[in-house]
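Here is my note on the model you sent. Please have the sequence and the coordinates open while you read.

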Amino acid sequence: MEPPRPGLRKLPGNPVLWVKEWVRSSPGTHIWLLVIGVTSLVIASASEGLGQFLVHRTSSNIHELNEHPLPSLLISGFWIERPESFLLYVVMFELLHANVERWTGTARWLLTVGGAHIAATLASQELVLLAIEGHRLPRSMTHVVDIGVSYGLAAAAGVLTYRLRPPWRYVYFGGVLVFFGIPLVTGATFTDFGHAIALTMGFAAWPLTPAAAAEKPKGTEGTQGPEPDRAGGRPPAESDPSGGQERPGGQERPGGQER
């Protein structure tokens, strides 16, 4: 896994070069967007029946998770139910995913948003299963449409909190909590529950950010080197077993190895 990036390179002033550098510095985000664009075109150009079939077949609902667990978890993150909302997702990807990927690096970004997508999907569908078994939801909910990229966006929104500096960090943090919290406390659906999990995982990804790596470990401040010799104020000398002069500890004798 690539290390956290200590800082972001300054983007060039030329608009064309700016776009190239922006895309090059966040390749995962734009590959993901490209795939979503292709799948959106497929749904938009398909007949109504075929479109419904594709949407249900690529969902990560209870039925598909039981029949095709790994493919449904992966494929569901590359489809959106309404192709006309693709441009909105482009804006959200550039604001959230691209900034997080450029800041943390592609590997850590992918680990965070991919893990959040999987965890939120499994947890939300488990909630649906419990509600079905408790007769609070109809059994037809095992085939509910559950596709989209919102869980990954929620995780990226959580990570981005640490990219901002106070006081804007606290304003942004409050806004994110309100945005995802209001639906959760006012008639939450399984999707709202999944958003809350993904957002929490984004907040928990602090150790993967450059901001965490830049902090000095506790206890390192004030650490001093070897205690000086009380008499001469120098480190204790190391005796030379060959009978020569004493040399300061750690120095190499001519023709010998460092001890």
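1. Confidence. This is a predicted model. The mean pLDDT of the protein chain is 84. Of its residues, 78% reach 70 or more. Residues 221-259 are another matter: pLDDT stays under 50 there. The model has 30 contacts beyond four places in sequence for that stretch. Where pLDDT is low, the predicted coordinates should not be read in detail.

2. Helix α6 covers residues 86-104. At 1.5 Å a residue, its 19 residues should span 27 Å. The end C-alpha atoms are 25 Å apart, which agrees. Even so, α6 has a kink of about 40°, centred on Phe-93. Just after α6, Gly-105 takes a positive phi of about 100°.

3. Helix α6, burial. Which residues of α6 are buried? They are Phe-93, Leu-96, His-97, Ala-98, Val-100, Glu-101, Arg-102, Trp-103 and Thr-104.

4. Aromatic pairs, the stacked case. The structure holds seven aromatic pairs. In one of them, the rings of Trp-18 and Trp-22 have centres 5.4 Å apart and planes at 5°. Planes under 30 degrees apart count as stacked, so this pair is stacked. Both residues lie in helix α1 (residues 15-25). They are four residues apart, about one turn of the helix. Trp-18 is partly exposed, at 36% relative accessible area. Trp-22 is buried, at 11%.

5. Aromatic pairs, the tilted case. Phe-173 and Phe-203 also form a pair, 5.3 Å centre to centre. Their planes make an angle of 55°, and the pair is tilted. Phe-173 lies in helix α9 (residues 168-185) and Phe-203 in helix α10 (residues 190-204). The pair therefore ties together parts that are 30 residues apart in sequence. Phe-173 counts as partly exposed, at 34% relative accessibility. Phe-203 is buried, with a relative accessible area of 18%.

6. Aromatic cluster. Trp-32, Phe-78, Phe-93 and Trp-109 form one aromatic cluster.

7. Thr-209. This residue sits in the loop between α10 and α11 (210-214). Is Thr-209 buried or exposed? Thr-209 is buried, with a relative accessible area of 1%. A polar atom of its side chain lies 2.7 Å from the backbone oxygen of Trp-206.

Key. Residues numbered from 1 in each chain as written. Predicted model: local features only at pLDDT ≥ 70, side-chain atom pairs only at ≥ 80, totals over all residues. Heavy atoms only, no water. Phe/Tyr/Trp six-rings, centres within 6.5 Å; stacked < 30°, edge-to-face > 60°. Helix = DSSP H or I, 4+ residues; strand = E, 2+ residues; numbered from the N terminus. Buried < 20%, exposed > 50% of the residue type's maximum accessible area, 1.4 Å probe, protein only. Polar contact = N/O pair within 3.5 Å; in protein donor to acceptor, adjacent residues only side chain to side chain. pLDDT = per-residue confidence, 0-100. Contact = heavy atoms within 4.5 Å. Expected span 1.5 Å × (residues − 1). Bend = angle between axes of the 7 residues up to and from the residue.
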